[in-house]
Amino acid sequence: MPDATSLTFLLGGARSGKSAHAERLATAFPAPWTYIATAQAFDDEMVERIALHRDRRAEGWQTIDAPLDLADAITGVPDGQPLLVDCLTLWLSNHLLVDHDLERESERLEAVLAKPRGPWFVVANEVGLGIVPDNALARKFRDAAGRLNQRIAARADRVLFMVAGLPMQVK
Amino acid sequence: MPDATSLTFLLGGARSGKSAHAERLATAFPAPWTYIATAQAFDDEMVERIALHRDRRAEGWQTIDAPLDLADAITGVPDGQPLLVDCLTLWLSNHLLVDHDLERESERLEAVLAKPRGPWFVVANEVGLGIVPDNALARKFRDAAGRLNQRIAARADRVLFMVAGLPMQVK
Amino acid sequence: MPDATSLTFLLGGARSGKSAHAERLATAFPAPWTYIATAQAFDDEMVERIALHRDRRAEGWQTIDAPLDLADAITGVPDGQPLLVDCLTLWLSNHLLVDHDLERESERLEAVLAKPRGPWFVVANEVGLGIVPDNALARKFRDAAGRLNQRIAARADRVLFMVAGLPMQVK
């Protein structure tokens with residue numbers, strides 16, 4: 001179990017069990033637990049994914065939606081309370097869609113996550129291990145996501161790389 | 001060397017040396033060895049890949065083709081015999097092509113692999129670490145493959161993540 | 001710190017911090033350091049990337065451009081001198097673009113890297129962990145890149161898999 005005041009960063013691919021593992025780690029601490037969701041339900045596929053995640057979570061979770069203002073949402077979480085942020089990569093893509101400055105947003109988020117005030121768990125996708133994408137926007141996003149992951153990993157007390165539902169400790 | 005009755009799951013990217021490593025592990029046990037191939041030769045590219053894999057294998061291997069009925073093929077393998085299944089991800093894509101229920105098929109396979117009756121080695125691809133695919137079918141497949149990998153990894157006695165031909169022990 | 005005469009191979013995804021980490025490892029040895037760059041500036045995006053990498057490097061680096069003749073460039077590096085090659089995957093794609101035999105080129109490079117004459121650091125991309133690419137050329141490249149990575153990893157004294165700027169030791 002990590003320290004009561006520390007940042008754990010969980011990275012992995014699609015369906016690598018990041019969220020489920022992060023929930024297990026967070027609920028090892030006493031409730032109430034805060035869940036900050038960054039997903040936006042644009043279409044049926046996302047509505048279904050969000051519902052699946054929500055259904056899996058037990059009683060005792062308070063869910064906050066923060067598709068864009070993630071730094072503020074985290075700042076509002078009470079001291080000492082277990083927090084799960086899921087996930088940074090969707091949050092970054094939300095900012096990309098509204099043409100925000102991804103580096104400035106990443107920097108702001110980094111500053112808040114650098115000072116955990118409880119057992120904090122943050123989930124992100126690793127998206128840079130495939131072939132170079134054809135389109136320039138996907139390349140730009142892939143770069144920004146990778147840089148954001150480096151920022152947060154550098155600040156984290158513990159970094160886990162999830163493979164098929166199992167954690168590999170990177171830091 | 002793993003126990004004589006155990007399940008080893010080898011995960012990795014394209015050309016990460018999964019099959020070759022699995023063959024080395026299996027042939028550390030006495031012959032005869034059973035190789036269950038899930039590949040279907042639709043085109044010249046696949047014909048060539050299958051031939052390459054087949055040529056590499058030494059004498060002592062018995063090859064069974066099971067593009068769809070993998071659970072039955074595994075059930076037919078004699079007790080105590082080294083088994084290599086290569087690979088789950090192709091098998092899953094074969095079921096996708098004929099519009100089968102991927103979760104039901106995955107569940108059936110999991111039930112059989114959960115009870116190894118010899119030194120069993122199962123290979124699969126990790127496909128979820130690139131950028132989100134454009135088309136919905138690829139996303140659906142990526143999700144199903146990730147979930148299947150989680151199922152098998154949870155059952156396995158040992159999980160290896162292959163990087164450039166080298167195994168990293170995950171479990 | 002690795003031995004003064006050894007090959008360290010750094011693998012990772014886009015923006016995983018491979019180059020920065022390799023530079024840190026190389027500059028732990030006394031200057032002068034040789035940097036062999038394989039990138040070709042075809043467009044503004046590449047011009048910017050190359051400039052970014054170049055700006056980050058401190059005084060004491062000598063940069064050699066070798067988009068194709070990498071084996072010769074490495075052979076020309078004086079004995080005992082720290083060397084950073086960045087990166088093999090771009091070099092391979094340069095050969096693909098001019099329709100060279102990728103296996104023959106990979107073999108030639110492997111022969112030179114198998115005999116390090118100083119603290120050598122070689123960077124490459126892992127590109128095989130996403131969904132299978134639609135087009136045949138991308139699949140061919142992905143296979144060739146994976147095979148090249150296996151060749152070099154087999155020769156290396158140390159292999160690091162970079163995740164979000166952090167090294168995982170594979171070998």
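Predicted model: local features only at pLDDT ≥ 70, side-chain atom pairs only at ≥ 80, totals over all residues.
Residues are numbered from 1 along each chain as its sequence is written, and chains are lettered from A in the order in which they are written. Local features need pLDDT of at least 70, side-chain atom pairs count only at pLDDT 80 or more, and totals for chains, interfaces and linings use all residues, while side-chain values use heavy atoms, with hydrogens and water left out.

**Interface of chain B and chain C**

Chain B gives 24 residues to the contact and chain C gives 19 residues, where contact means heavy atoms within 4.5 Å. About 1700 Å² is buried between the two chains, and carbon and sulfur atoms give 65% of that area. Buried area is the accessible area (1.4 Å probe) that two parts lose on being put together, summed over both.

The count between chain B and chain C is 1 salt bridge, defined as a side-chain nitrogen of Lys or Arg within 4 Å of a carboxyl oxygen of Asp or Glu. C:Asp143 pairs with B:Arg15 in a salt bridge, with 3.6 Å between the closest N and O atoms.

On the side of chain B that touches chain C, the elements giving two or more residues are helix 2 (44-56), helix 6 (136-155), strand 6 (158-163) and strand 7 (166-169). Helices (H or I, at least four residues) and strands (E, at least two) are DSSP runs, numbered from the N terminus. The residues of this side comprise 12 nonpolar, 7 polar and 5 charged. Ala, Val, Leu, Ile, Met, Phe, Trp, Tyr, Cys and Pro count as nonpolar, Asp, Glu, Lys and Arg as charged, and the others, Gly among them, as polar.

**Backbone geometry**

Most residues other than glycine have a negative phi, and most peptide bonds are trans. The table lists exceptions.

| Feature | Value |
|---|---|
| A:Ala31 to A:Pro32, cis | omega near 0 degrees |
| B:Ala31 to B:Pro32, cis | omega near 5 degrees |
| A:Asp99, positive phi | about 60 degrees |
| B:Arg15, positive phi | about 50 degrees |

A:Pro32 is placed in the loop between helix 1 (18-26) and strand 2 (33-37) of chain A. In chain B, B:Pro32 lies in the loop between helix 1 (18-26) and strand 2 (33-37). The loop between helix 4 (88-97) and helix 5 (102-113) of chain A holds A:Asp99. At 64% relative accessibility, A:Asp99 counts as exposed (buried means under 20% relative accessible area, exposed over 50%, partly exposed in between; 1.4 Å probe, protein chains only). B:Arg15, which also forms the salt bridge with C:Asp143, is found in the loop between strand 1 (6-12) and helix 1 of chain B.

**A buried strand residue**

C:Val122 is part of strand 5 (residues 119-125) of chain C, and its relative accessibility of 1% makes it count as buried. Beyond its neighbours within four places in sequence, C:Val122 is in contact with residues including C:Leu7, C:Phe9, C:Val85 and C:Leu113.
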